[in-house]
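Please take a moment to look over the sequence and the 3D structure, and then follow the paragraphs below with both in view. The text begins with the chain as a whole and then turns to particular parts of it.

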Amino acid sequence: MPAETPSTVQPARRRAPASAKSEQRIRDLLRVGREVFAEKGYERATTTEIAQRLGVSEATVFTYFHGKRALCVAVISDWYDEIIATMEDGLPRAQPIRTQLLYLVETHLRLFLVQGTGLCALVLSEGRSKGQELGESFLPLQRRYTAPLMDLLARGQASGEIRRDVSLRLLRSVVLGPMEHLLWEVVAQGRPADIEAAATDLVAVLWSALRVPIA
């Protein structure tokens, strides 16, 4: 992945909040922004509509964020924080690595679709838009939300449950690639998926590639 540079990663907020009221305003903007981006996607969403739904002026949005892109990045960052916290808090660390992997895969798929397919489609499509400012801004966020998986894979290698002859970055791609494909199928079909069954089947296939080869 390309290194982060000032041109691709900019602060999402215009200024630090000065009071509890400002903090609440930011939380409200992130909440309503998430709703609008999930419903409309990035291109069709507007800061005008976000302001109208919240009952404030558009200037209020610009008081806290530089513009639509900055607000969208903040929305996705906030969403990823929730995903990461849920994955880390519920991870059954006392269980075998395969059981932990099943938890991460199922939780990842479920949380990516909990808001419907809107945010999921936005992240998947923009994440593939290399050279586009919004897509490039997502790169540090994507590295953050894959951190729990990278930690799991590293612990699996250390415990001898996951093969060491393949790099962690490649193993991460082995897991994330099929998950992204499953999510794209749900987005394209526009109907709910059986997340539990899909995760169980996927991990059954993945584990044969991840585990230490049987001599």
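In what order do the elements of the protein chain run from the N terminus on? They run α-α-α-α-α-α-α-α-α-α, and the count for the protein chain is accordingly given as 10 helices and 0 strands. Please keep in mind while reading that this is a predicted model. The protein chain has 215 residues, and buried residues make up 45% of them. If we look at contacts in the chain with a separation of 6 or more, 70% of them are accounted for by residues 24 or more positions apart. The accessible surface of the protein chain comes to about 10,900 Å², and 53% of this surface belongs to carbon and sulfur atoms.

We can begin with helix H1 (20-44) and helix H2 (residues 47-54). H1 and H2 pack with their axes 9 Å apart and at an angle of about 125°, and they are therefore oblique to each other. Their crossing is right-handed. On the side of H1 the contact is made by Arg25, Asp28, Leu29, Arg31, Val32, Gly33, Glu35, Val36, Phe37, Glu39 and Lys40, while H2 contributes Glu49, Ile50, Arg53 and Leu54. Sorted by class, the residues of this contact between H1 and H2 divide into 8 charged, 6 nonpolar and 1 polar.

Which residues of H2 are buried? They are Thr47, Glu49, Ile50, Ala51 and Leu54, and these buried residues pack against H1, helix H3 (58-64) and H4. Just after H2 comes Gly55, which takes a positive phi of about 80°.

Helix H4 covers residues 68-90, and Ser77 is found in it. Is Ser77 buried or exposed? Because its relative accessibility is 16%, and buried means under 20%, Ser77 counts as buried. When neighbours within four places in sequence are left aside, Ser77 is in contact with Leu141 and Arg144.

The next helix to follow is H5 (residues 97-113), whose axis comes within 10 Å of the axis of helix H8 (residues 147-159), the two crossing at roughly 170°. H5 and H8 are therefore roughly antiparallel to each other. In this contact, H5 supplies Ile97, Gln100, Leu101 and Leu104, and H8 supplies Pro148, Leu149, Leu152, Arg155, Gly156 and Ser159. By class, the contact of H5 with H8 has 6 nonpolar, 3 polar and 1 charged residues.

H5 also packs with helix H10 (residues 195-210), at an angle of about 135° and with the axes 9 Å apart. H5 and H10 are therefore oblique to each other, and their crossing is right-handed. Among the residues of H5 that meet H10 are Ile97, Leu101, Val105 and Leu109, and among those of H10 that meet H5 are Ala199, Val203, Trp207 and Leu210. The residues of the contact of H5 with H10 divide into 13 nonpolar, 4 charged and 1 polar.

His108 is buried, because its relative accessible area is 5%. Not counting residues up to four places away in sequence, which residues does His108 touch? It touches Met87, Tyr145, Met179 and Leu183.

Finally, we can compare positions in sequence with positions in space for two further residues. Phe138 is found in helix H7 (residues 133-145), and it is buried, with a relative accessible area of 0%. From Phe138 to Val123 the distance is 7.9 Å, C-alpha to C-alpha, while in sequence the two are 15 residues apart. Trp184 lies in helix H9 (residues 168-189), and with a relative accessible area of 24% it is partly exposed. Trp184 and Leu124 are 60 residues apart in sequence, and in space they are 7.8 Å apart, C-alpha to C-alpha.

Terms used: Residues are numbered from 1 along each chain as its sequence is written. This is a predicted model: local features need pLDDT of at least 70, side-chain atom pairs count only at pLDDT 80 or more; totals for chains, interfaces and linings use all residues. Side-chain values use heavy atoms; hydrogens and water are left out. Axes are lines fitted to C-alpha atoms, for helices over the stretch in contact, and angles run from 0 to 180 degrees between N-to-C directions. Helices (H or I, at least four residues) and strands (E, at least two) are DSSP runs, numbered from the N terminus. Angles under 35 degrees count as roughly parallel, over 145 as roughly antiparallel, 65 to 115 as roughly perpendicular and the rest as oblique. Contact means heavy atoms within 4.5 Å. Ala, Val, Leu, Ile, Met, Phe, Trp, Tyr, Cys and Pro count as nonpolar, Asp, Glu, Lys and Arg as charged, and the others, Gly among them, as polar. A crossing is left-handed if the near helix is turned anticlockwise from the far one by less than a right angle, and right-handed if clockwise. Buried means under 20% relative accessible area, exposed over 50%, partly exposed in between (1.4 Å probe, protein chains only). Accessible areas come from the Shrake-Rupley method with a 1.4 Å probe; for residues, only the protein chains shown count as cover.
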